[in-house]
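Please look over the sequence and the model before reading on.

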Amino acid sequence: MRKAMFKVVWRSFFLQAGWNFERMQNLGFAWSMQPALKEIYPDKNRRLDVLKRHLELFNTHPYMATLLMGCVLKTERESAELRIDAAARVGAIKQAMTGPLAAIGDTLFWATLRPLAALSAAALAWMAPGLGTLAPVMIYLGIFNLPHLTIRFSGLFQGYALGPAVAEYLRKTDTQGVIAAFRLAAMILLGSVLAAFGRFEHIASRAPMPFKDNFLFVGAGLGMLMAMRLKFSVNKLFFGLCLAALSISLMFPNTH
Amino acid sequence: MEFLKTVLISSALAGVFALDLMVAFQFMLCRPLVAATLTGLALGEAGAGLSFGCLMELIWVGAIPVGSVVPPDFSMAAVFGASSAVLMHQWNPSLGWEACLVWALLWSLPLASLGGWLEQAQRRWHLGLVERAVAQVGAGDESALGRAIGRSLIASFLRGLIFVALALTIFVHPMAFLLNRVFDTTRFAFEWIYWLSLLLGFVVLVDQFWERRWLKASSVSFLISAVLLYDLGFKTSTVLGIAAVAALTAATVQERRFRA
């Protein structure tokens, strides 16, 4: 079973292949479960019935899905050993857990770790250019993928060990504390990066920024922040600043 | 010849990033910061790629694929933007990097929206693929699932490859021509747009992480860094190191306090 479990983890990397607007990740989920289901249900006809069951609607966060896969596999195995139909139990587990797992994954990965990785990489690129251009990329990928791969690999085995008790495990897990800590770290780092903005030099040309060593950029930044807190969209702000800069340069062509 | 080589390299990379974007791995190689830097590296201008990637990554860091939402395809846009900026600069080095990067950024935004629309189209196409696979499984063919996955991977790779190859072939020459025409009157505008956009990117991050209770910590970090940099003459890399240690320490203490 252990070998099959590793195959499940490998296949889970393709969970989103075949993502469609009707049944979402159903294809990726069923295909990922296939190696373990082959061991649990050696009889082909029985296995085909189970596969069809797993081809129904499924959607959760791709990195958190292995936790649910482990839990479902445990339930399938127990049901197969007791020779009872797992359909109702598995359906209930999937229905109960996809939402919470998606919420945790979205908050942790998309809303926290991805911006944190971007911030760390950008800070390294602009504040420590001597480390080279690949260092920011490595930092970005490291900060994001270390938790990603840990959760993906350990999730399957944890889910399989706990079975349906995984819901209780999730409830006790301190994701809110971890997210709050990440956000605090990001805000401290941002304070430092914004202070250093006046010393930035262009990565490609090494030319200093126009407001070098003065704090005009602090006023510009505060104005932008105020606009964002007032719910101006980032697209409006970006195109607004493009228009303003172009208008000023066309009106005063001889000034810099 | 140089143009053809750039198109080939960039479109092959775009195919790989299109896989990473949705259907395979999701290691975030497809994020603009990574994709643009790797494209720049492959074309011999890693610094330009990194600075383009930073702009796009930071400004649109909030565009996330929650539920069935498909955000604009910034990975294809990043590959296109980095490649076109490198090409324009190669053709006329007097243009300056800021102008090439901002010009490429402005052109890559509509392409990002078009890329997002193409991804939605692929997801609609997947429906037929999956329905066929379900019917084949019903008829006793277990391997139909693997074949459907394979087709989805090939389609994603080709989508990225063809999209970027076409976009570069169609748009880069008109882009370079127009930039050469407007450069003299707008060169300082491009410089300002570049730096203000970078500032906007960091402001977007402040908005992303905004929590009233952490404002004091952020302000203290700003003030200490400003004193170290502007009064005591510290290097930016040293200040970054100090800030990183402080951030890690504060995060660890906070996490322990939360757990307790």
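The expected span of a helix is 1.5 Å times one less than its number of residues. The model discussed here is predicted. That rule is applied to helix α1 (residues 2-23) of chain B.

**Helix α1 of chain B**
- Helix α1 of chain B has 22 residues, so at 1.5 Å a residue it should span 32 Å.
- After α1(B) comes Phe25(B), which has a positive phi, near 70°.

**Contact between chains A and B**
- Chain A puts 87 residues into the contact, and chain B puts in 92 residues.
- On the side of chain A that touches chain B, the elements giving two or more residues are α2 (26-40), α3 (44-54), α5 (87-127), α6 (134-162), α8 (175-196), α9 (216-229) and α10 (234-251) of chain A.
- The most residues on this side of chain A come from α8(A), which gives 19 residues.
- Sorted by class, the side of chain A that touches chain B holds 62 nonpolar, 16 polar and 9 charged residues.

**Domains of chain A**
- Domain 1 of chain A covers 2-187, and domain 2 of chain A covers 215-256.
- The centres of these two domains of chain A, taken over C-alpha atoms, are separated by 41 Å.

**Domains of chain B**
- In chain B, domain 1 covers 2-210 and domain 2 covers 211-260.
- Between the C-alpha centres of domain 1 of chain B and domain 2 of chain B there are 33 Å.

Notes. Residues numbered from 1 in each chain as written. Chains lettered and ligands numbered in written order. Predicted model: local features only at pLDDT ≥ 70, side-chain atom pairs only at ≥ 80, totals over all residues. Contact = placed C-beta atoms within 7 Å. Helix = DSSP H or I, 4+ residues; strand = E, 2+ residues; numbered from the N terminus. Nonpolar A, V, L, I, M, F, W, Y, C, P; charged D, E, K, R; others polar. Domains from an automatic or database assignment.
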